[in-house]
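Me: I am new to this structure and would like to go through it step by step. Could you show it to me first?

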Amino acid sequence: MARARNPSREKAKKEWLKSGGKLSTKELAEAFDVTEVQICKWKSADKWQAELERKKRGGQKGNKNAAGHGAPKGNSNAETHGAYSTVHIEDLPPADRAYVEGITLDARENMLRELQLLYAKERDLIRRINEYKQADPNTLYIDRVVEVYTPKKGDSESAPQGLKKAAKTVVKTSPFERLMKLESEYNKTHGRILKLLDTMRAYEIDGKRLDLDERKHELSKQRITGEYIVDPDTGEISDEPGADDGEIDA
């Protein structure tokens, strides 16, 4: 017969949400007599964190304390340099907004997206490096323009207004100088790629180890109870924890 859904699954989720996400997997595992690994799987499969975030964004039901108060949304009158400004997703440029909205709670997916962006940047740097390698070494490129201002006649030296342009300096660079900067940035980007690849490999290994531990735990439980989950297709004993179908052989 089909294996029933563990009733503790929904109860654990409700308790965790009720605590505002403060209950640890260890506390939940002890409370509902399951492993921490099982709690982690339920938490991921049922998207506990996403539901908690939705509840937080919604605020307390019926709360109107802030109604009619505060500056209008998007008001930036009090900004100085903008370092501490509140940024709203809807105010971002389309490309930035799409990137932010594409972020999920799936760590592997987020790392993959970051890796793709780093590879894209690396390819762009390689293209630029090759362009400057092929450029005429005597060519000069405008790097920046520096303008100097002095007070107009009759104005005090400290006056911020009434200035006139006294000189303008155009700073130029050679292909070699630009090449050095690009290669430096390329080395940094390539280093980040290698570091991220190591992180992704470690994440995969940890995931496999976690899955193996859970399978061992499931088989141990089956041996103790004498009830085995049999795969209906192969007739073999299944070590997949939390399976919702299959036959139980007592």
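This is a predicted model: local features need pLDDT of at least 70, side-chain atom pairs count only at pLDDT 80 or more; totals for chains, interfaces and linings use all residues.

Me: How many salt bridges does a search of the whole structure find?

Reply: The search finds 13. A salt bridge here is a side-chain nitrogen of Lys or Arg within 4 Å of a carboxyl oxygen of Asp or Glu.

Me: Which residue forms a salt bridge with Lys-13?

Reply: Glu-51 does, and the closest N and O atoms are 2.8 Å apart. The pair links distant parts of the chain, 38 residues apart, with Lys-13 in helix H1 (residues 8–18) and Glu-51 in helix H4. Helices are DSSP runs of H or I with at least four residues, numbered from the N terminus.

Me: Are Lys-13 and Glu-51 buried or exposed?

Reply: Both residues are buried. Buried means under 20% relative accessible area, exposed over 50%, and partly exposed in between (1.4 Å probe, protein chains only).

Me: And which residue does Lys-41 meet in a salt bridge?

Reply: The side chain of Lys-41 meets that of Asp-211, at 3.6 Å from N to O. Lys-41 belongs to helix H3 and Asp-211 to helix H7, 170 residues apart. Lys-41 is partly exposed because its relative accessibility is 35%, and Asp-211 is partly exposed at 24%.

Me: How are H3 and H7 placed, then?

Reply: Their axes come within 10 Å and cross at roughly 120°; axes are lines fitted to C-alpha atoms, for helices over the stretch in contact, and angles run from 0 to 180 degrees between N-to-C directions. The two helices are therefore oblique to each other, since angles under 35 degrees count as roughly parallel, over 145 as roughly antiparallel, 65 to 115 as roughly perpendicular and the rest as oblique.

Me: Changing topic, what is the phi of Asp-33?

Reply: Phi of Asp-33 is near 55°, a positive value in a residue other than glycine. Asp-33 sits in the loop between helix H2 (25–32) and helix H3 (36–45), and counts as exposed at 71% relative accessibility. Lys-47 also has a phi near 55° and lies in the loop between H3 and H4.

Definitions and conventions
Residues are numbered from 1 along each chain as its sequence is written. Side-chain values use heavy atoms; hydrogens and water are left out.
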